[in-house]
Amino acid sequence: MHDQSQYQVRFGWGVDGAAQVGADVDVIVVVDVLDTDGHGGDGSARRTARELPNGAAIVAGSLRNRTAVAEWVLERQAGKGDRVAVAVIAAGDSRGDGIRFAVEDQFGAGAIIDALAAVGIDYCSPEAAAACASFTALRTGIGHLISASANGRRLLEQGRSQEVHLAAELDVSGDVPVVKEQAFLGPVIE
């Protein structure tokens with residue numbers, strides 16, 4: 001088992017990773033930067049909510065809403081009156097044989113973890129720290145790296161360049177798509 005339970009902020013890949021590192025968390029943030037399957041920005045978060053029986057709140061995060069997600073988590077922590085545990089999950093690409101690494105999702109997860117640290121939620125597992133470091137070290141080139149990634153190139157070839165460029169924007173959205181809310185964390189604040 002891949003245990004990160006002693007840490008407030010954890011990191012994993014796909015639904016299996018969410019089940020492993022998110023079994024006892026308060027919030028799961030699912031990050032799917034490029035919508036390669038056509039299910040919308042929160043499609044991976046919805047699939048995770050269906051497949052995980054735990055009671056965590058589940059939200060969709062991205063580069064575009066990273067600060068809004070961190071502030072949303074901080075508000076839930078204040079409402080709880082105690083520290084919340086957060087699992088940041090990079091969706092990756094689903095294949096018949098499992099999850100394939102998707103660099104854009106690692107950058108997006110790292111961006112969320114960086115934003116969580118900025119609001120004071122920063123007791124990170126080494127896995128979360130490494131994802132965060134990938135974002136912070138390469139932040140100035142994120143747009144190029146996403147468009148040059150395997151998924152980025154595939155979407156560009158499909159004529160979906162607008163989607164790729166929008167997905168690489170930082171902090172341009174205050175929306176936090178809540179797929180599943182956790183009762184004790186209080187109401188959704190929109």
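Two strands count as paired if DSSP finds at least two bridges between them. Strands here are DSSP runs of E, at least two residues long, and helices are runs of H or I of at least four, both numbered from the N terminus. With that in hand, look at V59: its bridge partner in strand 7 is V178. Strand 3 (residues 57-61) and strand 7 run antiparallel and are joined by 2 bridges.

A word on what you're looking at: this is a predicted model, where local features need pLDDT of at least 70, side-chain atom pairs count only at pLDDT 80 or more, and totals for chains, interfaces and linings use all residues. Residues are numbered from 1 along each chain as its sequence is written, and side-chain values use heavy atoms, leaving out hydrogens and water.

Next, the nonpolar core, meaning buried Ala, Val, Leu, Ile, Met, Phe, Trp, Tyr and Cys residues joined through side-chain atoms within 4.5 Å; buried is under 20% relative accessible area with a 1.4 Å probe, protein chains only. The largest one has 39 residues, and V73, V88, I113, L116 and I146 touch the most other members. Helix 4 (residues 103-118) gives this core its largest share, 7 residues. Apart from it lies another core of 14 residues, including A18 and V30.

Methods
Buried < 20%, exposed > 50% of the residue type's maximum accessible area, 1.4 Å probe, protein only.
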